[in-house]
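Subject: Structure for you to look at

Hello,

I am handing over the structure below, followed by notes on what was found in it. Please read the notes with the model open.

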Amino acid sequence: GCFECCIKCLGGIPYASLIATILLYAGVALFCGCGHEALSGTVNILQTYFEMTRSAADVIDVFTMIDIFKYVIYGVAAAFFVYGILLMVEGFFTTGAIKDLYGDFKITTCGRCVSAWFIMLTYIFMLAWLGVTAFTSLPVYMYFNLWTICRNATIVDGANLCLDLRQYGIVTIGEEKKVCTSSESFIKMCDSNELNMTFHLFIVALAGAGAAVIAMVHYLMVLSANWAYVKDACRMQKYEDIKSKEEQELHDIHSTRSKERLNAYT
């Protein structure tokens with residue numbers, strides 16, 4: 001009995017939703033954790049090697065934007081942790097094994113509306129994660145350019161290459177924040193582990209955002225299959241109700257005729 005109970009419990013697990021949830025949590029964890037540390041490393045690089053300082057409290061500068069991005073990361077981590085749990089619960093209640101475990105169930109209009117709502121919400125989140133992935137590729141591109149300049153400076157002797165933050169929109173046109181290969185700060189930045197660590201953290205964050213997109217696509221397939229299952233179950237339920245009603249009517253008619261014949265014979 002214990003073995004059969006374990007088999008039934010394992011059969012009731014929505015494995016497709018479980019895989020999508022694990023992929024979603026892994027992607028969100030990589031994006032939020034590595035993205036947060038990469039932003040902190042960016043702040044240190046800007047302050048140490050580019051000699052940038054925070055502006056007044058009423059001015060929105062690059063440091064304020066980085067702080068805002070960090071708070072957004074906190075919200076994303078909490079929101080998708082809850083959303084993953086909700087999708088897992090939805091998967092449990094729509095899987096066919098639940099019917100075998102707890103007997104027949106009724107498909108309500110509310111259940112169909114919840115499944116449709118999850119499909120629409122997951123599609124919107126998928127588009128949002130596509131935008132996050134595209135946005136995360138920007139710092140990867142910027143750090144790749146910086147890494148390429150550091151590599152070319154060691155290969156080509158006498159080359160004076162410069163990196164100006166104004167071309168990335170980090171500072172205004174009136175400010176001049178740049179470092180060149182001939183400066184000592186640039187050499188220290190290229191030799192530091194902080195630059196390589198921040199660059200690789202942004203790459204991992206980009207991979208995490210891509211994993212979240214794949215998880216959203218996986219969820220869309222699972223939710224669409226669940227919606228089709230709920231819809232077919234609803235039709236089957238209506239068919240069984242109509243069939244049962246017709247059989248009851250035929251039984252009543254047959255019983256009535258039998259009584260009439262018996263009364264006539266009597």
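A disulfide is taken here as a pair of cysteine sulfur atoms within 2.5 Å. The model is a predicted one, in which local features need pLDDT of at least 70 and side-chain atom pairs count only at pLDDT 80 or more, while totals for chains, interfaces and linings use all residues. Residues are numbered from 1 along each chain as its sequence is written, and side-chain values use heavy atoms, with hydrogens and water left out.

Cysteines

The sulfur of C34 has its closest cysteine sulfur in C32, at 9.8 Å, which is too far for a bond. Both residues are buried (under 20% relative accessible area, where exposed is over 50% and partly exposed in between, with a 1.4 Å probe and protein chains only): C34 has 14% relative accessibility and C32 has 8%.

The count by this rule is 1 disulfide. It joins C150 to C190, with an S to S distance of 2.0 Å. The torsion about this S-S bond is about -70°, so the disulfide is left-handed. C150 lies in helix α5 (residues 109–155) and C190 in helix α6 (residues 184–191), so the pair ties together parts that are 40 residues apart in sequence. Helices (H or I, at least four residues) and strands (E, at least two) are DSSP runs, numbered from the N terminus. C150 is buried, at 8% relative accessibility.

Core

A nonpolar core is a set of buried Ala, Val, Leu, Ile, Met, Phe, Trp, Tyr and Cys residues joined through side-chain atoms within 4.5 Å. The largest one has 50 residues, and those with the most contacts inside it are L24, F50, F80, W129, F186 and M189. Two or more residues each come from α2 (15–48), α3 (62–94), α5, α6 and α7 (193–265). Helix α7 gives the largest share, 13 residues.

What does F80 contact, leaving aside its neighbours within four places in sequence? With contact meaning heavy atoms within 4.5 Å, the partners of F80 are L24, Y25, V28, F125, W129 and M216.

Surface

F81, V82, I85, L86, V89, F92 and F93 make a nonpolar surface patch of about 650 Å². Patches are made of residues with over 30% relative accessible area and no salt bridge, with nonpolar side chains (Val, Leu, Ile, Met, Phe, Trp, Tyr) joined within 5 Å and like charges within 9 Å. A salt bridge is a side-chain nitrogen of Lys or Arg within 4 Å of a carboxyl oxygen of Asp or Glu. Accessible areas come from the Shrake-Rupley method with a 1.4 Å probe; for residues, only the protein chains shown count as cover. F93 lies in helix α3 and is exposed, with a relative accessible area of 65%.

Regards
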